[in-house]
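Please read them with the model open.

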Protein chains: 2
Amino acid sequence: VTPALPVALDAMGGDNAPDAIVAGARQAVAELDVPVVLVGPPERLDAGGLEVLPASEVIGMAEDPAQGVRRKKDSSLVRAAEAVRDGRACAMVSAGNTGAAMASALLRMGRIKGVQRPAIATPIPVPGTTPTVLLDAGANAECTPEYLVQFAQMGSAFCASRYGVARPRVGLLSIGEEETKGTPLVKEAHARLAAGAGVEFIGNVEGRDLMTDAVDVVVTDGFTGNVALKTLEGALRFFMAAVTSRLPGDALTPLLPVAAELDPDATGGAMLLGVDGVCIISHGSSGPRAIVSAVRVAAEAAAGGLVERLRAAVGN
Amino acid sequence: VTPALPVALDAMGGDNAPDAIVAGARQAVAELDVPVVLVGPPERLDAGGLEVLPASEVIGMAEDPAQGVRRKKDSSLVRAAEAVRDGRACAMVSAGNTGAAMASALLRMGRIKGVQRPAIATPIPVPGTTPTVLLDAGANAECTPEYLVQFAQMGSAFCASRYGVARPRVGLLSIGEEETKGTPLVKEAHARLAAGAGVEFIGNVEGRDLMTDAVDVVVTDGFTGNVALKTLEGALRFFMAAVTSRLPGDALTPLLPVAAELDPDATGGAMLLGVDGVCIISHGSSGPRAIVSAVRVAAEAAAGGLVERLRAAVGN
């Protein structure tokens, strides 16, 4: 899929910016035949023929997101979001400050009409089948039942669009399968989803279902979602270290395909759903391969009309 | 450590009750030299010389906890809790209905004076070092900042007592290290813990810290704690299956020590902290080995004066 417009890539975002980001951009252009425009200070980018959209400022990884976006109007993040808003790019990708990327996208692109809160949708790899889409993975620490219903609708549309799941099974993250389990937020969201929200609601699911094919989309508030995601990351790191430190290298060969499927660099990062444009937020540690994946997923989402699908999903 | 009083073991609780439970009891008595009294219907127990405290009813695994405890006054769970209350047992152990075990302990033993809500403390194995104690792992889906402060105090006393950690590092589970991150509950609890609560508060921690030695006690509400714990369980199950299905049996030998440390049967189950007696809640799937561990931990907690330590920890 080759979009007409380039993907706007925040060249200054991430622990390894700008070099690893620019390297990823070049690789993406060469491998995917997707146009990419680098956003950042031209004098600091070894662009090698790639188009550069000038932006003189950088919002740091640890900077306050709201302040950063307000004060640094010529930052690479803000300019990348503006490029999407102005129809000069089909999508934005950043491995930078997550909060600032959200704020830039929200303030410059705006929300899709009817969406109360954008949410971060993170694909959790499940080797052997399609990933489980978890949302919200951290955009909204506090949620209302209405937000969760919209997350279900947006997550379902995203899962169908990105992974070709015809009718994604949507589960509500709780601490027991019974609808009487959980917080008032979860109970009320359960009632609304069960009453019919245009999604295939399968009821409550638990943390142990995340890495299985029992569910396609898992809905939760941004606090719980972020904790669950980081808990999984920690477990993954623990097991990888335990196995690689104790087994000889050649014994690990049969595990390589699983490791490849679990590799966060292959997932393309998280998608901010609900803003009026495609916005991918990659892990701060992204290297060139992660950037290639993110550019690919961004281009596919734009070409596949993701925003229109989300608009239809929340339409009521 | 041999307590004078026996451990009261709910012979009817758990997926494998009563046979696996009774087998575990016999093993515990033989291996640990700890007296055990089985609680249940004598005619259904192959007690083989062990003392039996008669109880004619059983609260099922899926039964409503509050109703079960209210209606089944002669149930094995209620009678086990009464045995502790009445000074006939030093501790109770059940692999049965978690909610009903909590309710039985709470209603029959009562709370330690000053404790607002008992919490479930679950040790998360961290191979190579002491486990991370997570609480609340599911007793209270909704919490106040005051509860979390008490969880920190009780968790710290429990960790010191059980694992000999002189000054346990206590972390508050959140979605970023900065004190500005998280829900209002987390922010307020952070402020109170930082202001001084008699524990070694190291600030916010994240899900990825659970399986590391960066922290000894992790405090959170029962909803988040339960989600995190089940997420870890799911990841553990996924990795075990991935590794054992892909590597030949003899290649797994170097991993056995890690697997043994991660084995939930070895941890002794979760401890209900804050009730006026020792109460261990084991996994529903407990087999004989898990019961032996639970009996051992229960006897040690009773002999070590856990309740007195908790009383001192929350004293203010």
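1. Axes are lines fitted to C-alpha atoms, for helices over the stretch in contact, and angles run from 0 to 180 degrees between N-to-C directions. Helices (H or I, at least four residues) and strands (E, at least two) are DSSP runs, numbered from the N terminus.

2. This is a predicted model: local features need pLDDT of at least 70, side-chain atom pairs count only at pLDDT 80 or more, and totals for chains, interfaces and linings use all residues. Residues are numbered from 1 along each chain as its sequence is written, chains are lettered from A and ligands numbered from 1 in the order in which they are written, and side-chain values use heavy atoms, with hydrogens and water left out.

3. Take helix H5 (residues 145-163) and helix H10 (residues 306-314) of chain B. Their axes come within 9 Å and cross at roughly 140 degrees. H5(B) and H10(B) are therefore oblique to each other. The crossing is right-handed (the near helix is turned clockwise from the far one by less than a right angle).

4. Which residues of H5(B) meet H10(B)? On the H5(B) side they are Gln150(B), Gln153(B), Met154(B), Ala157(B), Phe158(B), Ala160(B) and Ser161(B). Their partners in H10(B) are Leu306(B), Arg309(B), Leu310(B), Ala313(B) and Val314(B). Contact means heavy atoms within 4.5 Å. By class, this contact has 8 nonpolar, 3 polar and 1 charged residues. Ala, Val, Leu, Ile, Met, Phe, Trp, Tyr, Cys and Pro count as nonpolar, Asp, Glu, Lys and Arg as charged, and the others, Gly among them, as polar.

5. Now the pair across chains. H7 (residues 222-246) of chain A packs on H7 (residues 222-246) of chain B at about 30 degrees, axes 9 Å apart. H7(A) passes H7(B) in a right-handed crossing. Residues in contact include Phe223(A), Leu232(A) and Phe239(A) from H7(A), and Phe223(B), Leu232(B) and Phe239(B) from H7(B). The contact divides into 16 nonpolar, 4 polar and no charged residues.

6. Asp33(B) follows H1(B), with a positive phi near 60 degrees.

7. Arg71(B) lies in helix H2 (residues 65-71) of chain B. Arg71(B) counts as exposed (over 50%), at 60% relative accessibility.

How values were computed. Buried means under 20% relative accessible area, exposed over 50%, partly exposed in between (1.4 Å probe, protein chains only). Angles under 35 degrees count as roughly parallel, over 145 as roughly antiparallel, 65 to 115 as roughly perpendicular and the rest as oblique.
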